[in-house]
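May I ask you to look at the sequence and the structure as I bring them up?

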Amino acid sequence: MGSMTIGAKYKTTLKDPGTTGVLRMVRARPAPLSLLSSDWLGRFNLAPVPYWLLLRERGRGCVDSSARRASFRWDVACREGFDQNEDKFTFTPNDPRSAMKLNVDFQSIKGHKFNKVDGSKPMPPLLNLSKDSDKGGGYMFEFDNGTNRDLCRDFVARVLGKQQGTVPPRLNVLPENSITSTRPEQLSSVEMQQRMKLLQEDSELQKLHKKFVLGNILQESEFWATRKNLLDDEANKGSKQRPGFKSAMLADVRPSADGRTNKVTFSLTTEIIHQIFAEKPAVHRAFLDFVPKKMSEKDFWTKYFRAEYLVRTKNTVAAAAEAAEDEELAIFLKNDDILAKEARLKIKRVDPTLDMEADAGDDYIHLPGHGIIHDGSKETNDTDSDFARRTLSQDLNRHAAVVLEGRSSDVELTNTNTVAEALAKSKKELPSSSASDDSNHERLAKVARMTEIEDLQGPRSLPYAPLCIKDPREYFDSQQANALRSLGGNNDGRRIRSSRLSADDAFHYLLDQISSIKVNGLSCPVVHSDVALKVLNELNEGISRSRRLNLKNPQEGLLGQIPQCTRAELMDHWTAIQELLRHFWSSYPITTTVLYNKVNFNTVASLSSSSAACGATELFLFFLLSY
Amino acid sequence: MKFDVEGMTVHFPYAAIYPEQHAYMGELKRALDARGHALLEMPTGTGKTAALISLITSYSLANPARPLRLIYCTRTVHEMEKTLAELRLLFSHLPPAAARSLLALGLSSRKNLCVHPQASASAARDSVDTACRRLTASWVRDKAASDPESTPLCDFFESFDRAASAGDLASYMPPGVYTLSDLRALGRERRICPYFLARQMVKYANIVVYSYQYLLDPKVASIVSREMQKECVVVFDEAHNIDNVCIEALSVSIRKQTLEGAERNLRRISQEIDRFKATDANRLRAEYNRLVDGLAQKGNLPISDAWLANPALPDDILKEAVPGNIRRAEHFLAVLRRLVRFLDGRLETENVENEMPVSFVASIHSQAGIDQKMLRFCYDRLHSLMLTLEITDTDEFMHIQTVCDFATLIGTYTRGFSIITEPYDERMPDIRDPVIQLSCHDASLAIQPVFDRFQTVVITSGTLSPIDLYPRLLNFNPVISRSFTMSLTRDCICPMVLTRGSDQLPVSTKFDMRSDPGVVRNYGRLLLEMSSAVPDGIVCFFVSYSYMDGIVNSWNEMGILQDIMQHKLVFIETPDVVETTLALDNYRKACDCGRGAIFFSVARGKVAEGIDFDRHYGRLVIMFGVPFQYTLSRILLARLEYLRETFQIKEGDFLTFDALRQAAQCVGRVIRSKADYGMMIFADKRYSRHDKRSKLPGWILSHLHDAHLNLSTDMALHIAREFLRRMAQPYDKTGSGGNKTLLTEEDLQNMALDAMEM
């Protein structure tokens with residue numbers, strides 16, 4: 001289904017009676033992915049997959065090393081002209097004199113709208129292709145009947161979907177030129193949503209999907225078959241990595257004084273409030289109780305900070321006096337009873353190998369009045385007193401505990417009330433298992449882990465949290481840079497290669513090479529493999545090193561010397577080749593015709609075109625290097 | 001694995017063994033053969049416990065004539081749990097027949113073992129004890145027999161009692177390893193009291209693991225450890241502090257509050273006596289007759305009535321009748337009143353007084369008319385009286401007990417103690433807080449009965465240097481006294497001495513420097529730099545609570561703390577054990593999940609004593625300052641004087657020894673096995689001096705390169721980075737060439753063959 005032609009009316013406005021004519025919509029072919037389609041390149045018989053790509057690929061454990069020896073001819077799959085190389089629609093009015101002739105690239109179309117057609121209203125079926133969702137403006141077509149309109153609509157949806165990369169996997173429409181006979185897999189809506197989510201999150205994946213699946217090179221199911229782990233992981237995890245609390249102690253709000261008056265100012269944000277609530281359950285409870293029934297939110301926080309200020313300035317006398325007068329303020333000064341209760345519950349669940357509380361049970365030496373008084377034991381404060389002084393240590397411990405527990409809900413922190421309520425809700429969800437767990441196996445396993453001597457016996461796998469990497473390329477490159485940094489020691493800066501060639505020489509050499517190939521044809525590889533390997537190593541190291549040297553400014557690296565668009569292309573080709581290779585090798589051994597077709601027509605064709613493009617860039621780099 | 005140590009088969013629970021463990025076993029076997037005491041120092045991180053228990057268990061398996069009786073003393077409950085876990089691992093590697101016949105159990109107080117839903121609910125040990133006594137005391141049960149409705153009893157104890165009288169306690173506890181939580185689970189399941197069950201089964205168990213105090217503190221030892229036989233092997237693990245435990249066990253202090261409480265107690269006792277006179281005069285008369293015959297408790301008290309015993313040692317108490325003039329309850333009460341009044345008078349003093357027990361007893365005699373013999377019997381007489389009066393809430397009577405403890409101790413011992421009366425704390429002369437402290441200086445007093453009673457006592461730790469000092473302090477003659485070095489596959493520890501901050505100014509916690517803002521900032525910068533370079537956990541030790549509090553507050557004000565928190569979460573040890581325990585638990589979680597954390601702790605504190613910061617829980621430990629004791633303390637001065645006179649140990653030497661063993665103990669917590677690695681920074685300029693440094697244990701000194709003796713912050717940071725990079729590389733665990741650091745069964749066989757040939 002590369003194109004469709006339907007009679008329609010073009011209208012500029014709703015009221016406009018419209019111009020009748022023929023609407024023709026064209027979709028791009030699964031075009032060869034040639035971008036650097038220079039003429040001379042097309043005839044090379046390269047070792048078509050650049051070594052460095054393969055090596056990288058191998059490093060991730062995807063491709064067998066025999067791939068290095070693989071060499072295959074490629075023929076440019078220019079099965080059709082380039083006229084269908086882009087998605088567009090044309091409108092040709094029936095009246096040839098009419099000026100309403102359209103030839104629009106789908107690139108400019110951002111969205112489409114259509115009206116509901118039912119018998120009750122005399123409204124004709126309309127389709128509106130809007131240029132820009134904000135500004136309006138677009139093309140409106142009127143159709144004779146709903147079916148035609150729906151056909152058009154679906155076509156447009158698919159094209160637009162392809163452009164935005166979020167087209168739902170086709171369930172009912174089989175591509176026309178499908179070369180496989182596999183049935184499209186039946187997907188539940190959950191799975192489909194999951195795939196769409198994955199595509200949305202990962203732009204690189206989306207590009208690949210667009211190129212191969214929508215380009216009809218790979219089947220939807222094939223594409224996803226190599227990414228089972230992605231789907232599984234996502235299913236297991238259930239939720240994404242959640243942002244946690246900041247390590248900084250936000251709840252410890254410092255007052256700012258203006259220096260002229262006796263006023264101090266505390267400033268609050270919802271983030272801070274959230275942390276205060278999480279760290280001080282008593283304040284949270286008070287807030288839920290008092291606001292807004294008893295006092296306004298502003299009054300509440302004023303009181304709170306009044307109490308805080310008294311604590312901070314260590315003005316115990318004033319604190320006691322204020323607390324006696326104002327019972328709400330006293331709440332903020334008292335020991336947090338909720339915390340004490342939680343602590344009692346938690347202490348039953350701690351690792352027995354660090355349960356110091358149990359030691360107190362066996363300590364007969366330090367009975368009151370016994371033992372020798374040390375520094376510190378004298379500082380036992382009266383826990384009976386209501387206004388036991390809160391210490392910085394307690395605050396620190398509490399803060400760190402809250403940070404560790406993490407945020408329990410994803411609620412947008414918009415205003416205080418929602419914050420307070422969300423927190424209260426998440427608190428309730430906590431299981432209130434108060435029974436001491438003597439038979440808890442997790443605890444026992446922990447003790448066993450703590451006691452055994454690790455190198456006297458075999459290794460043991462530890463539970464881990466899966467790492468969520470947003471941008472794999474960035475991540476792995478920086479990892480490699482780090483690794484090289486530690487290996488390379490202090491040998492900073494690139495080694496200066498003694499180049500025997502001057503720039504001119506190199507250029508002439510390159511030209512000679514090209515012309516010799518022109519003469520000799522495709523008989524031998526353009527670059528000897530050992531030379532290529534050397535170049536590759538040099539390149540890889542150079543890229544990593546330059547990246548390490550100026551992490552902040554990656555543009556200046558070796559890759560940065562290549563024009564921006566070329567680099568982007570190169571990277572795109574690289575990922576595309578990886579993907580194709582994965583499919584290529586996974587098709588071996590070829591057992592069915594389906595696989596045969598896949599290898600021959602789809603994968604190889606696209607692979608060769610991509611690698612050709614890459615090869616060109618490689619040569620270019622080679623040139624740069626020798627320069 | 002199985003191998004031979006000097007002709008004896010040893011079962012070891014791992015597939016490989018360190019050479020020093022092998023050597024350690026050899027020495028231990030020699031001590032067992034000679035039936036004598038041993039003093040063994042082996043660095044932390046070399047698996048002392050595993051070596052110890054494997055050898056002793058295997059020894060008795062190989063010598064059926066010497067059945068396995070091992071008392072393993074740990075400092076803390078969590079170390080007890082760890083030891084029991086290692087025992088469980090060992091048992092699973094023993095021949096099945098042997099494993100099926102051995103019983104190992106841990107013993108702790110009611111608080112850690114009680115499963116009664118109400119009684120176990122209270123947080124303090126005293127209240128659990130009291131709640132238990134209310135349900136299980138013999139008179140309560142007598143009363144319940146006549147009046148079952150209104151007298152609640154403990155079902156768990158009743159079923160224990162039935163089983164004990166039927167003699168089938170063993171059926172409740174089949175052989176195996178029982179940790180405290182196992183005991184509780186067993187108690188819940190079989191509905192039997194785990195505490196009393198464990199206490200009874202201690203007599204039959206092959207291995208008992210409990211706290212030092214059950215053997216060293218006379219107050220509990222005479223109850224729990226009374227029936228242990230001479231054949232027992234006693235092990236004190238992590239025993240570098242044992243002298244302090246000993247002297248603390250025999251020290252008592254009396255304050256104003258104690259005396260006020262004691263007077264309250266006396267009033268209550270007098271009311272009770274009046275009540276009994278009116279209702280049940282026979283009971284008092286019967287007690288009188290019993291006291292004429294001899295001491296109140298001759299070992300035939302019901303198990304549930306026993307409570308803290310005489311503070312002095314059993315052998316020191318004369319086996320004779322209670323003096324006539326305190327046999328009658330009223331007379332005894334009058335004596336106690338006079339004693340309290342006398343002590344009250346002594347507290348009124350304006351001057352610091354330091355007396356020996358003899359002169360103190362003489363002044364009691366002249367002023368209160370109480371002679372030495374009456375003093376000595378105070379505690380037992382009180383105990384007897386309270387039993388007679390059927391007092392169950394013993395925790396209320398703590399004050400009068402303290403006074404009687406004091407009296408009994410000064411009545412019993414004439415040397416090795418001093419009585420110091422201070423009107424106020426040296427550091428806060430404005431606040432009047434008078435105290436009479438009876439402090440023991442002679443560690444050998446408390447431990448002597450242990451050496452006398454048991455044929456083999458093993459004292460072992462990672463830091464016992466100088467190893468010749470301990471036999472003098474504890475007054476015993478070990479047949480084996482040896483210090484082992486650590487064979488290392490790679491340099492997995494990296495000690496450094498940091499003397500200067502990044503601004504090249506010296507850092508120290510010397511008294512005149514510690515509050516200098518420059519030093520505080522330099523210490524803070526050091527931690528900040530390190531927290532950005534070191535992964536996972538960092539532990540910091542400070543010299544005291546007050547110093548830690550001060551410096552953390554200063555860092556908070558300077559903003560350094562906030563910067564540190566950018567890199568890692570911060571946890572602090574506080575005097576409150578519950579909070580500290582939770583903080584530690586969270587600290588481990590933070591290290592587990594990769595967030596990384598810093599733990600601030602205090603040398604000589606509870607954390608420094610017993611918590612391991614091994615593996616990723618501690619990649620770096622920083623010791624801020626030298627943890628000297630508070631040298632102006634009069635108790636310490638008195639002890640130093642005693643040490644000089646009795647053992648000819650110089651004050652300075654002892655102080656340095658004590659400080660450095662604490663420091664070594666703190667930094668030693670980071671390493672647990674040879675696969676582990678960690679850095680240690682001694683941040684004080686005083687560590688660079690030879691007299692201080694040389695007192696560190698050998699295994700630290702051997703890694704302390706000369707280049708690392710005088711570092712500044714940036715140099716230390718560089719070394720740390722290099723070290724971490726080196727440690728991240730894969731390495732050969734078994735060591736290479738002639739320097740094997742990990743021996744397999746095969747290696748051991750070859751070694752044995754070589755020895756034969758030679």
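This is a predicted model: local features need pLDDT of at least 70, side-chain atom pairs count only at pLDDT 80 or more; totals for chains, interfaces and linings use all residues.

Let us begin with the interface. The size of an interface is often given as the accessible area lost when the parts come together. Here, chain A and chain B bury about 7300 Å² between them, and carbon and sulfur atoms account for 58% of that area. In terms of residues, 63 of chain A are in contact with 95 of chain B.

How many salt bridges does the rule find across the interface of chain B and chain A? The number is zero. Polar contacts between chain B and chain A, with both residues at pLDDT 80 or more, come to two residue pairs. On the side of chain B that touches chain A, helix α26(B), residues 577-592, supplies the largest share, with 13 residues. By class, that side of chain B has 42 nonpolar, 29 charged and 24 polar residues.

I turn now to strand β19(B), residues 597-602. Is this strand buried or exposed? Six of its six residues are buried, so β19(B) is largely enclosed by the rest of the structure. In a regular strand the side chains alternate between the two faces of the sheet. In β19(B), A597(B), F599(B) and S601(B) point one way, while I598(B), F600(B) and V602(B) point the other way.

Which strands pair with β19(B)? Strand β17(B), residues 537-542, runs parallel to β19(B) and is joined to it by six bridges. Strand β18(B), residues 569-572, also pairs with β19(B) in the parallel sense, over four bridges. A597(B) takes part in both pairings: G537(B) stands opposite A597(B), and L569(B) has A597(B) as its bridge partner.

Technical notes
Residues are numbered from 1 along each chain as its sequence is written. Chains are lettered from A and ligands numbered from 1 in the order in which they are written. Side-chain values use heavy atoms; hydrogens and water are left out. Contact means heavy atoms within 4.5 Å. Buried area is the accessible area (1.4 Å probe) that two parts lose on being put together, summed over both. A salt bridge is a side-chain nitrogen of Lys or Arg within 4 Å of a carboxyl oxygen of Asp or Glu. A polar contact is a pair of N or O atoms within 3.5 Å; within protein, one must be able to donate a hydrogen and the other to accept it, and residues adjacent in sequence count only if both atoms are side-chain atoms. Helices (H or I, at least four residues) and strands (E, at least two) are DSSP runs, numbered from the N terminus. Ala, Val, Leu, Ile, Met, Phe, Trp, Tyr, Cys and Pro count as nonpolar, Asp, Glu, Lys and Arg as charged, and the others, Gly among them, as polar. Buried means under 20% relative accessible area, exposed over 50%, partly exposed in between (1.4 Å probe, protein chains only). Two strands pair if DSSP finds at least two bridges between them.
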